[in-house]
Amino acid sequence: RLGKRSKPRASTAAVTVDADEVARVAYDLYQQRGCRVGCDLDDWLEAEAIVRRRCAEKLMASLNNGKSA
């Protein structure tokens, strides 16, 4: 039996992203598109890509900050 997780997560091959953050970004996209009905999957997939890219950028920045010059 699977236990409940406190935060839902959407998994990708390289990065695991917070589904709550994806939902917030997807809702922002929905609003930016004029609240058009029927584009929810497109908004969600675009939001996942945005959140994934942000996570990767943060990771790269933290790795670069850790390097000595």
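User: What does Arg33 count as in terms of relative accessibility?

Analyst: This is a predicted model, in which local features need pLDDT of at least 70, side-chain atom pairs count only at pLDDT 80 or more, and totals for chains, interfaces and linings use all residues. Residues are numbered from 1 along each chain as its sequence is written, and side-chain values use heavy atoms, with hydrogens and water left out. Buried means under 20% relative accessible area, exposed over 50% and partly exposed in between (1.4 Å probe, protein chains only). Relative accessibility is 29% for Arg33, so this residue counts as partly exposed.

User: Which residue forms a salt bridge with Arg33, with the closest N and O atoms 2.5 Å apart?

Analyst: A salt bridge is a side-chain nitrogen of Lys or Arg within 4 Å of a carboxyl oxygen of Asp or Glu. The closest N and O atoms of the pair are 2.5 Å apart, and the partner of Arg33 is Asp43. The pair links distant parts of the chain, 10 residues apart, with Arg33 in the loop between H1 and H2 and Asp43 in helix H2.

User: Which residue is linked with Arg33 and Asp43 in a network of salt bridges?

Analyst: The count of salt bridges comes to 4. Arg33 and Asp43 belong to a network of such bridges, and the residue linked with them is Glu46.

User: How many residues apart in sequence are the parts that Arg54 and Glu21 tie together?

Analyst: Arg54 and Glu21 form a salt bridge whose closest N and O atoms are 4.0 Å apart. Arg54 is partly exposed at 38% relative accessible area, and Glu21 is also partly exposed, at 23%. Because Arg54 lies in helix H2 and Glu21 in helix H1, the pair ties together parts whose separation in sequence is 33 residues.

User: What separates Arg52 and Glu48 along helix H2?

Analyst: The side chains of Arg52 and Glu48 meet in a salt bridge of 3.7 Å, N to O. Arg52 is partly exposed at 28% relative accessibility, whereas Glu48 is buried at 14%. The two are 4 residues apart in helix H2, so their separation is about one helical turn.

User: In what order do the elements of the protein run from the N terminus on?

Analyst: Helices (H or I, at least four residues) and strands (E, at least two) are DSSP runs, numbered from the N terminus. The secondary structure comes to 2 helices and 2 strands. From the N terminus on, the order is β-β-α-α.

User: What is the angle between the planes of Tyr27 and Tyr30?

Analyst: Rings of Phe, Tyr and Trp (its six-membered ring) pair if their centres lie within 6.5 Å; planes under 30 degrees apart count as stacked, over 60 as edge-to-face and the rest as tilted. The structure holds 1 aromatic pair. Tyr27 and Tyr30 form this tilted pair, with 5.7 Å from centre to centre and an angle between the planes of 35 degrees.

User: How many residues apart are Tyr27 and Tyr30 in helix H1?

Analyst: Relative accessibility is 45% for Tyr27, which therefore counts as partly exposed, and Tyr30 is partly exposed at 27%. Both lie in helix H1 (residues 19-32), where about one turn of the helix corresponds to their separation of 3 residues.

User: What is the value of phi for Cys35?

Analyst: Most residues other than glycine have a negative phi. Cys35 is placed in the loop between H1 and H2 and is partly exposed at 37% relative accessibility. Its phi is positive, in a residue other than glycine, with a value near 60 degrees.
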